[in-house]
Amino acid sequence: GAGEMGVATRVFWTFKVAGLDTVSILNGGMESYLDFKTPPLEKDSAHPNKATFKSQYRAKLVATQDDIKAAVASHHVLLDLRPNDQFLGVNKTDTVKRHGTLPGAINIPGTWLTEDDGGMFRNAATLKKLFAAANAPTTGEVITFCNTGHWSSLGWFVQHEILGNKDVRMYDGSLADWAAKDANPLERKINLD
């Protein structure tokens with residue numbers, strides 16, 4: 001489902017941050033690939049040529065905790081990819097110390113980005129409609145986040161790779177990092193305490 005695609009997009013983002021450009025994601029995953037009548041499959045082990053990769057860190061794809069502090073202060077677009085109940089502050093995961101979201105954040109659940117919460121990305125026109133319904137921009141400076149950087153990588157991938165927003169960054173530490181410091185503000189839209 002979309003959660004598994006979040007794992008793929010997290011690896012994709014990590015490679016991009018390290019400076020690798022020749023990386024792809026198979027839309028629909030192996031299940032989609034095997035739906036072909038006769039998918040080409042190698043039966044022998046591959047023997048790749050030895051090569052050396054030199055990483056080139058791309059800071060422009062990464063948002064830090066300091067960037068989040070500045071974004072909160074300036075009302076910069078912060079996009080929360082977590083499920084709506086976590087965004088509202090009703091529930092949280094064990095990885096996040098406190099309930100809530102970043103102040104002023106917009107919620108677009110990661111499950112919206114794939115067809116029926118599956119492994120196939122929605123097309124660009126449909127994604128734009130969903131972002132519009134959530135009052136979330138698809139252009140300009142946007143920072144995606146979630147709990148630990150998987151759902152947020154799905155949102156980053158959709159914005160950067162499918163919708164072409166090259167100004168989107170991902171907050172790698174996400175709320176697990178942010179909420180660990182009590183001084184960092186969180187917005188809880190539904191307070192159950």
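Buried means under 20% relative accessible area, exposed means over 50%, and partly exposed lies in between (1.4 Å probe, protein chains only). The structure is a predicted model, in which local features need pLDDT of at least 70, side-chain atom pairs count only at pLDDT 80 or more, and totals for chains, interfaces and linings use all residues. Residues are numbered from 1 along each chain as its sequence is written, and side-chain values use heavy atoms, with hydrogens and water left out.

**View 1. Leu34 in helix α2.** Helix α2 covers residues 29-34 and includes Leu34; helices (H or I, at least four residues) and strands (E, at least two) are DSSP runs, numbered from the N terminus. Leu34 has a relative accessible area of 44%, so this residue is partly exposed.

**View 2. Ala125 in helix α5.** Ala125 belongs to helix α5, which spans residues 124-133. Because its relative accessible area is 49%, Ala125 counts as partly exposed. Between Ala125 and Ile68 the C-alpha to C-alpha distance is 29 Å, and the two are 57 residues apart in sequence.

**View 3. The protein chain around these sites.** The protein chain contains 7 helices and 5 strands. Their order from the N terminus is α-α-β-α-β-α-β-α-β-α-β-α. Along its principal axes, the C-alpha trace spans about 60 × 40 × 30 Å. Of the 193 residues in the protein chain, 40% count as buried. Among contacts (heavy atoms within 4.5 Å) between residues at least 6 apart in sequence, 74% join residues at least 24 apart.
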